[in-house]
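Here are some friendly notes to read alongside the model. Take the points one at a time, and find each residue in the viewer as you go.

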Amino acid sequence: MLMSSLALAVASLEGDPRAASSGSAHPHDRSSEDEAPERDPSPLSAEVVYTSDVMANVAGGVRRGARYIDNVDMVIQGDFEQLAGWRGAQFQLYGLYNNGVSISDFVGDTHALSNIETGVRAVRLYEAWIDQKLSDSASLRVGLYDLNSEFDVLDASAFFIGSAHGIGTDFAQSGKNGPSIFPWTSLAARLEVRPTEGWAIRVAVLDGVPGDPDRPARTHIHLGGDDGALMIAEAEAPFGNGKLLFGHWRYTEEFDRLDGGGAERGNLGTYVRAERRLLDTHDYQIDAFARFGIANGRFNMFNRFVSGGINLSGWSLANESDQFGVAFAVGFTSRDYRAATGAGSAELAVEAGYRTQITPWLAIQPNLQYIHNPSADPTIPDALVLGIRTEIGVSLFGN
């Protein structure tokens, strides 16, 4: 069925060579390379992945210190056609646990250094959707949905631990409780059409306020009131031996302006994202990616965002699946935000990491992150964070 990053992680634990190019994909993202859900030989499957980060702020930031962050993903996928004769329909149930610890408390950054940190300890239902195939090239997905599973996501950037490489901070910062992404998701309807190989159009309408901002540990589903809707459209096109994404999003509800000018509509943004394989031999691969996004500076801290990076695999003599990568992410503050807070012009995060598969079920990834001007606050010194990620995955049945 869907080749989620969690499924890819499990696949890597079972020796699937695709893991070498996917790295330590964001536990809650799925590659945009995935087309309509693929049929699994088994009508029902379940996987569990345990991810943990030990991270220490060793210099600068708000204060020095170390944190242990963990996350458990459990995904059940099923084929309704095989189970109940419902032709072209598949489903997914996705449960999530987080211990609620955050290293960003020590660093004071906005991008978020770990893509599994939440700040809230909780067990929640993360996704619950049905995907109905409409034709050979179109599908409709309805239910509790992570938009970053299909929108604003690339394979090459999934290697990195920093949250800004899962979804751009210009988009992630938006909304009254963020968009429908980790760790809070909302009800949605998504239509995807793939007219020809390498091309895709995706559109979705989502509840504008995922979860309950006043009760963040709960799985909360509510439509109506002043939530409004989040609408997003994305086009995917071939880019050499890679891909190009162009997306646009907007909220229908009013938002308070940063300059105190009251509430109005117009909270929207646009992003362009690309990845490409620069070298592909029998033994070595080099992949590069880049992203540029804008958001309305009247409502959002960052009105511009730029990121990019490069991954190398097949270069290790010890393990040919080992992967090394370096990436950066920069959020540029809006004029209204600077006027309201006295903030600086930008926050820069640089990350370097190395991932190795220790056993078929265990992978580790040491990483280093340097944050210049955390939260664009001139009073917070630049920070240096050292960490190590551990992933343990098992397939419970069906794979």
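**Notes on a predicted model**

1. Arg291 counts as buried because its relative accessibility is 2%, and buried means under 20%. Please keep in mind that this is a predicted model.

2. What does the side chain of Arg291 meet in a salt bridge? The partner is Asp152, with 2.9 Å from N to O. This pair ties together distant parts of the chain, 139 residues apart. Arg291 belongs to strand E13 (residues 285-295), while Asp152 sits in the loop between strand E5 (138-145) and helix H5 (169-172).

3. Stay with Asp152 for a moment. Is Asp152 buried or exposed? Asp152 counts as buried, because its relative accessibility is 0%. Its backbone also deserves a look: phi of Asp152 is near 55°, which is a positive value in a residue other than glycine.

4. Ala112 is another residue to check for its backbone. Here phi is near 80°, again positive in a residue other than glycine. You will find Ala112 in the loop between helix H4 (104-107) and strand E4 (122-133). With a relative accessible area of 18%, Ala112 is buried; the cut-off for that word is under 20%.

5. How many cavities of 30 Å³ or more does a search of the whole structure find? The search finds seven. The largest cavity has a volume of about 90 Å³. Its lining is made of 16 residues, and those nearest its centre are His111, Ala112, Gly162, Ala349 and Gln369. Strand E15 (323-333), strand E16 (346-359) and strand E17 (362-372) are the elements that each give two or more residues to this lining.

6. Which element gives the most to the lining of the largest cavity? That is E16, with four residues. Sorted by class, the lining has eight nonpolar, five polar and three charged residues.

7. The elements that give two or more residues to the nonpolar patch are E15, E16 and E17. E15 gives the most to the patch, with three residues.

8. Tyr370 is placed in strand E17. Tyr370 counts as partly exposed because its relative accessibility is 35%, and partly exposed covers the range between buried, under 20%, and exposed, over 50%.

9. Back to charged side chains: the structure holds 23 salt bridges. The side chains of Glu264 and Arg257 meet in a salt bridge, with 3.2 Å from N to O. Glu264 also forms a salt bridge with Arg298, where the closest N and O atoms are 2.8 Å apart.

10. Glu264 is partly exposed at 23%, and Arg298 is partly exposed at 28%.

11. Next comes a peptide bond. The bond from Phe182 to Pro183 is cis, and its omega is near 0°. Pro183 is found in the loop between H5 and strand E6 (186-193).

12. Finally, look for Trp86, in the loop between helix H3 (80-84) and strand E3 (89-98). Trp86 is partly exposed, with a relative accessible area of 40%. How far apart in space are Trp86 and Gln132, C-alpha to C-alpha? The distance is 9.3 Å, although Trp86 and Gln132 are 46 residues apart in sequence.

How values were computed. Residues are numbered from 1 along each chain as its sequence is written. This is a predicted model: local features need pLDDT of at least 70, side-chain atom pairs count only at pLDDT 80 or more; totals for chains, interfaces and linings use all residues. Side-chain values use heavy atoms; hydrogens and water are left out. On a 1 Å grid over the protein atoms alone, a cavity is a set of points where a 1.4 Å probe fits but cannot get out, and a pocket is an open set with protein on both sides within 12 Å along at least five of seven lines; lining residues have an atom within 4 Å of a point. Grid points are joined across faces, edges and corners, and a volume is the space filled by probe spheres set on the points. Ala, Val, Leu, Ile, Met, Phe, Trp, Tyr, Cys and Pro count as nonpolar, Asp, Glu, Lys and Arg as charged, and the others, Gly among them, as polar. Buried means under 20% relative accessible area, exposed over 50%, partly exposed in between (1.4 Å probe, protein chains only). A salt bridge is a side-chain nitrogen of Lys or Arg within 4 Å of a carboxyl oxygen of Asp or Glu.
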